[in-house]
Each structure stands twice: as structure tokens, then as C-alpha cells.
Amino acid sequence: MAFLAALASVTAGLGLGAVVLRVLGLDRDITPGEHWTISFAVGFGVLGWLVFPIGIAGLLSTGPLWTLLLAGSLGVLLLRKGGLPVLGETPNAVARALLAVLCAVLILDLAEALAPPADADSLAYHFNWPKRFIADGEIAFIPQAWTGAVPLLVQMTYIPPLALGGEAALTLWTMIASWAVAAMLFVFCRRHLSLSWSLAVTLVYLTTPAVVFGGGSGQVEPKMALFVLAGAWGLARSIETGQISFAVLAGLVAGFFAGAKYMGLLFVAAAGLVILFQRGGLRPGLVAGLAFAAAAMAGGFQWYAWNIVHTGDPVFPMFFPWLGRELDFWSAEYTVWFRERLSNVERDVPRSLWWLIGYPFKATLDPLLVFEARRIGFGPFGMLILPFALLGAWSLRGRARQSRLFLYAVVCALFYAIWFFTGSSQRVRHLLPVLPLFLLVLTAAARFADLKTLHPPLLAAVGLTIIVQLAGHGIFSLAYLKYLTGNDSREAFLSRNVLAYDVVPWINGNLGPKDRLFLSERQILYYLKVPYFYGSPNVQAVVELRRDRVRPQTLYRQLKSVGVTHILRWRGTKPRSGLEQTPWLALLEMGCLRPRKKFQIKVFRSRTLPDLKNATVDVEILTLNDRECIR
């Protein structure tokens, strides 16, 4: 059933996208590879778009979801024969070797897909929200900033496989969606590069640390690359042909990007500027721009309207002080605090022209904790190949503007510049959606500089990148391979790979539906089977948890007001949760809390290297006294 649900999701994505291309009349002058991959990219967005109205209507059940997948799958009849990307030439020895390595990478990714999910963000919300919606039978507003009241279009595509095929179908689907990006990148590369170079670029992408980290999990950035590639293609074809239908397609997938994450609004702006100021004058650009804008609004409006209905702010909590209304879980004062925290925690380099140029180098050579580039960055390929790309761009300077690659480069550059100067989080992986397009442009430009004297170092740069990244991919996959080939149970695997999971079996076995657990460890939320309240000052204001502002009496009353009966607390002066300990200790002394169960758990800094600088900490389950201990 898991395989069938995942397969039905794939065919529905292909079919729904094929229907859109047929309606727009864009499936004629297109190669089979482009038809299949672009159809899946568009259909992926359409699938998430359609699940939303089904969910808010309270119809998240087997019948409606199977109907959606099977009806959408009928569209595969419109796909051109020839299937997924044909090689187009006989593979030489290098191409055959690259294909063999790609098969090895597929096995590693499949191992992750067949193991229980262990990524913290996926367990906190990417997978947890679909699971919650399915359990409720409907999509409900999640009163949380940052992770709850946000665009969730990609997570909507997780609902059909999870509801119909369970967790195994969900993890297979996320892997397939990420590999669809690689297939699409390969197809695009074949227009500009040889078979061997196209395979090499695809392999570099699949083994990029950020892709290895997020591709097989619920992380949305690798999946949103589908929208960037399809949008850039539609944008280029619109300018090349003058057909408005291509602008509509570009706007639709750009809207899907915006519907998947606020960051997608930046892509809408970047692509909109390109199409507005296209070659041929203002009038054709204005007409195409209006079509693009209308399609983008249609593709992305759902979650912004949802936020307006529930908070008043379409991009909650960005404009909450001006547009928001009084809420139980948030306030204007909290928004000010949140922005200051975002600036301190999520950014490190100033927004200046100098750092616009310097950020990629610093993130690669001196990866600060804020950037997350040390473990999940973009690898060395960009820096190694950049000199060759600059030489190639210089050699093409006379005819570069006529190339589709030039438009792709402009889209990447505008997106990066808007992202950098708007003060977004400076985590490198947030740029991942444009990485495939960037790799294509960079490699194609470098190939034009492929003089005999430059050929060996260029090949060395590619080879070194693949070797280093493949080694990292292998190390990352060891835990999954060990689980699949060994005798470890599911519980043992999760204990080794999910921080604080050891408390979950006891909680699920000893607390019931009438209890409510307060905790600050979000990575175990997906596996909890009891009601809970996730306590973090970053996402809610119902329970005051900001440092130096917590008062024991207020904390106790607020916990009681939200129905909390038990608390999961990290003991010690510097708990991992970062929550201040003094109020909890004060409540213990007052008799408001009493110990229920103590655990000693292993804290690891890395899932990939679980034996690196481990420590053991004490945690405990506390019970709130039934009586009012504070007058």
C-alpha cells in the first residue's frame, strides 16, 4: 500500500501537470524529457494546491484523496511518448562511470527513504502538521509563528501519501520529489552540455551537502527547486517566443513557490522584474508581466488569505503591528522582540554591497554557525569552477544576452540580491531552490572556457567535488544502511538518531488523552501520541518563556490555562532547550510541581557522527499539582 500510494502521488503529479500544459497549449514544441519533468514540477504544485480546499472542507479521508490521485493520474495519457530524459548519445566510459555512481547515490537515498524519519525540522512540523491534519480530518489553523502560520503548499503534497500509504509512502514521496529536481536539471543541462557533463552536474547536485541533508526529509527547499526550474524555463520561453502562455506558466509555478514559503515572494519579484523588462520594449513586457502576476496570485494566494482570515497579516508576523489583530498567541510587542531575535540569531554579516559579493565566499571558507554551511552547505564546486565560468562568460560577452542561460543567470542573481538585502535569514540552505539553476549556468559558462590548457584543472575541480561530496553522502547514509541491513529495531534506530526520543515510549505508554504535556523539544513531536503544548518563545506568547521575563506565578497560571498536566524538563544550569531554569525550580519548591519520572539520555551534536562529543544529561517528567498552589 505504501508503494501504491507513493506511485499514485507521482502519476497524479505528472498527470495534473500534463493537463495544465495541454490547457496552456505548451505541450507541442517541447522535448519528451522537458514534457515529463516540467509536467511533474507543475503537477507537484497543483497537487498541493488542490489538497488545501479538500482539507479546509474537512474531507481529508481515504475516498476524496484517492479520488484526487486517480483523477489526476488520468492526465499521464497526455504525456509525450519517449519517457523521462533520453540520453541522446551513446554513453562513453566516463558517462557509464557517472551513471554507475548515480545508481549508488540512488541506493543511499533509498536507504534513507526506507528508514523512519529522523530530521528534527521534519518531525517538528514538515511531517507533523500533515499527520495532525489527517488525524483531525481537516486543515486547521496552527497558532504558531515561524513554523505554523506560514505557507504550507509543499506539506500539502505530503498528506495523500501519508494518509493512504502511511509513513513509508511519505518518505518515499519526499525522496522521489527531490530526485525529480535532479531529473529536471539533467534535462535542462542536455540543451547546453554533453551527456557526460550533464551527468556530472546532476551528480554534483545530488551529493551537495544541503541536498543530502534535506532531500530525503520533509525539508521544503529541495522540493521548491522544481518551481524555480519550471519558472525559469517558462520565463525564458516567454521572452524567446513572445507567447503569453509561457508567462502564465512561469507565474503559476512562481506562485506555487510563494505558496510553499514566504521566500517564494522573492522569486516572484525576481522573475517578475525579468519578464517586465524583457527584450522588445515595455509593452510586451507589461502584457507578459500582468499575465505573470495574475497567474502568480492564483498559484500562491491560498495560505496568505488563510493568514489574513486568522491573524489579519498575510505574511504573519512580518506586518502584524500594522495589519494584525489581537490574538491569544501573539502580540505586537512580541513581534518587535521576534524581529530583534531574528536579527541576532539568523544574520551575521551586514547588508552591504561588499558582503553581497563576499557572503558566498565567507559561507564556504569560514562557515559560521548562523550559515549552517559547515554541515549542510553547497560544497566546494562553486568556488572551484568559478574562475573557469568567468573566463567562459568573458569569451561569450558579445552574444551572452541572446542566450537562455543569460536569463537564468539574471534570475539567480536577482533572487540572491533580493534575498540578501531584504534581511532574510542568512542560512545557506534557504538559497537551495536556485542551486540547480546556478549549477547549470556556472557549468555551461565554464565549458565555453574549456581550452586545452584549462581542461585538466576543470576536470579536476569536478572530480574532486564529486569525490568529497560522495564521501560525505556515504557517511551520512551509514545510519540508514545500518538500520536496513542490521537487526536493530525501529526504537533503537530512533534512539540513536532523534535527540530525546528515549522519553517518547514512556510518555506514550503512561500519559493519556486527558493529559497534556509541556515540552520544548520539538523533534519528538511527530512521535508523540498524547496531547502536548510546544513551549518556545519563538512561536507563541500564550506561555511567557522569554529570558528574564518569566515569573513563577505567571508561568504556573498560564500552564494551567492551556491545560498542561505534565512537563518535560531538562535538568542542569544550561539545558539544551535554552529555557530559563529558575522559575521551574521555584515552582518545585512551592509544591506546584512534583517529580513523576526521571531519565538519563544521551545528547549528540550530530546525527551523521553520533559519537562526536556526546554527553549524558538528566531529564524528568513533572506533574502539575491539581490544587491551586499559588494564591
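Buried here means under 20% relative accessible area, exposed means over 50%, and partly exposed lies in between (1.4 Å probe, protein chains only).

## Basis

The structure is a predicted model, in which local features need pLDDT of at least 70, side-chain atom pairs count only at pLDDT 80 or more, and totals for chains, interfaces and linings use all residues. Residues are numbered from 1 along each chain as its sequence is written, and side-chain values use heavy atoms, with hydrogens and water left out.

## Salt bridges

A salt bridge is a side-chain nitrogen of Lys or Arg within 4 Å of a carboxyl oxygen of Asp or Glu. The whole structure contains 15 of them. In one, the side chains of Asp488 and Arg496 meet at 2.6 Å, N to O. Arg496 is partly exposed, with a relative accessible area of 28%, and Asp488 also counts as partly exposed, at 28%.

Glu221 pairs with Lys261, their closest N and O atoms being 2.4 Å apart. Glu221 lies in helix α10 (residues 221-241) and Lys261 in the loop between α11 (244-260) and α12 (264-276), so this pair ties together parts that are 40 residues apart in sequence. Glu221 is buried at 2% relative accessibility, whereas Lys261 is partly exposed at 23%. Both residues belong to a salt-bridge network that also includes Asp121, Arg429 and Arg522.

Helices (H or I, at least four residues) and strands (E, at least two) are DSSP runs, numbered from the N terminus. Helix α19 (residues 404-421) has 18 residues and spans 26 Å from its first C-alpha to its last, close to the 26 Å expected at 1.5 Å a residue; the expected span is 1.5 Å times one less than the number of residues. Its buried residues include Leu407, Val411, Phe415 and Trp419. At the start of α19, a side-chain oxygen of Ser403 comes to within 3.0 Å of the backbone nitrogen of Leu405. Just after the helix α19, Gly423 has a positive phi of about 80°.

Glu240 lies in helix α10, so the pair ties together parts that are 164 residues apart in sequence. Arg404 is buried, with a relative accessible area of 11%, while Glu240 is partly exposed at 36%.

## Strand pairing

Two strands pair if DSSP finds at least two bridges between them. Strand β5 (residues 615-624) pairs with β3 (residues 566-570) in the antiparallel sense over 5 bridges, with Leu568 partnering Ile621. Strand β4 (residues 593-603) also pairs with β5 in the antiparallel sense, over 10 bridges, and Gln600 stands opposite Asp618 of β5.

Definitions and conventions:
A polar contact is a pair of N or O atoms within 3.5 Å; within protein, one must be able to donate a hydrogen and the other to accept it, and residues adjacent in sequence count only if both atoms are side-chain atoms.
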